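This report summarises the fold, the dimensions and a surface feature of one protein chain. The sequence and the model are shown below.

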Amino acid sequence: IPVVTSWVVVSLIFTYLYNGQAGLINWVLRDGLHLIDKNINWLGEAFTANLAIATLGIWKGIGWTMVIFLAGLQSIPQEVYEAAAIDGANGWQRLRSITLPLIRQTTLFILVLLTIGGFQVFISVYVMTGGKPLHRTDVLLTYMYSNAFEFLDLGYGSALSYLFAIMVFALSMAQIRLLRRPVEY
């Protein structure tokens, strides 16, 4: 459900959950568990707002990531584990010597896509905080958007977008070159 749900809808739900006056999280912490005396302004403070945005991103992306890792784990031949067990390898040795090296390509794929996805964060920040308080929750895309469409500096916003694209491409290529190694059975 988190993967197929719209970012706007989920961001609005998280905005309600983290509402500083009538949010569900404050109600649970204050009235349900009696852990706090007064409501926390989750989206009004930079640290807690960034925490809420990060929580949303993790919740929304963890299911997809686990499905990809599961596919990578299922691609490892069982014969390799059986041979290691016959040779006397314990669970930790099988994990370190077989599983982790054989899912390196899957890990690289996930790492590159999550890095690109991390740079694509826009909707959750824009809907939940709009970059507030004092632009401390701004990310590069919200900064580009505000320069281009709120301040009407389209040239600067366009230049930022080109530099951003070049930076993401260069970082992705660096990750691929540094982490790509041949897989041996």
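How many helices and strands does the secondary structure of the protein chain comprise?

## Secondary structure

The model is predicted. In it, the protein chain has nine helices and zero strands, and the order along the sequence reads α-α-α-α-α-α-α-α-α.

## Overall dimensions

For the 185 residues of the protein chain the globule rule gives 16 Å, whereas the radius of gyration is 22 Å, well over that value; the chain is therefore more spread out than a compact globule. Along the principal axes, its C-alpha atoms occupy a box of roughly 60 × 50 × 25 Å.

Buried residues account for 29% of the 185 in the protein chain. The accessible area of the chain is about 12100 Å², of which carbon and sulfur atoms supply 67%. When contacts between residues at least 6 apart in sequence are considered, 60% of them link residues at least 24 apart.

## Annotated region

An unreviewed UniProt entry carries the annotation "domain: ABC transmembrane type-1" for residues 1–175. This span is 71% helix and 0% strand, and its end C-alpha atoms are 30 Å apart.

## Nonpolar surface patch

A nonpolar patch on the surface consists of Val3, Val4, Trp64, Phe109, Leu113 and Leu114, which together have about 540 Å² of accessible area. Helix 6 (residues 104–119) contributes the largest share of the patch, three residues.

Leucine 114 is located in helix 6. Its relative accessible area is 43%, so leucine 114 is classed as partly exposed, a category that lies between the 20% limit for buried and the 50% limit for exposed residues.

Key:
Residues are numbered from 1 along each chain as its sequence is written. This is a predicted model: local features need pLDDT of at least 70, side-chain atom pairs count only at pLDDT 80 or more; totals for chains, interfaces and linings use all residues. Side-chain values use heavy atoms; hydrogens and water are left out. Patches are made of residues with over 30% relative accessible area and no salt bridge: like charges are joined within 9 Å, nonpolar side chains (Val, Leu, Ile, Met, Phe, Trp, Tyr) within 5 Å. Accessible areas come from the Shrake-Rupley method with a 1.4 Å probe; for residues, only the protein chains shown count as cover. A salt bridge is a side-chain nitrogen of Lys or Arg within 4 Å of a carboxyl oxygen of Asp or Glu. Helices (H or I, at least four residues) and strands (E, at least two) are DSSP runs, numbered from the N terminus. Buried means under 20% relative accessible area, exposed over 50%, partly exposed in between (1.4 Å probe, protein chains only). UniProt positions are given in the numbering used here, feature names are shortened, and annotations may be inferred rather than shown by experiment. The radius of gyration is taken over C-alpha atoms; the globule rule is 2.2 Å times the number of residues to the power 0.38. Contact means heavy atoms within 4.5 Å.
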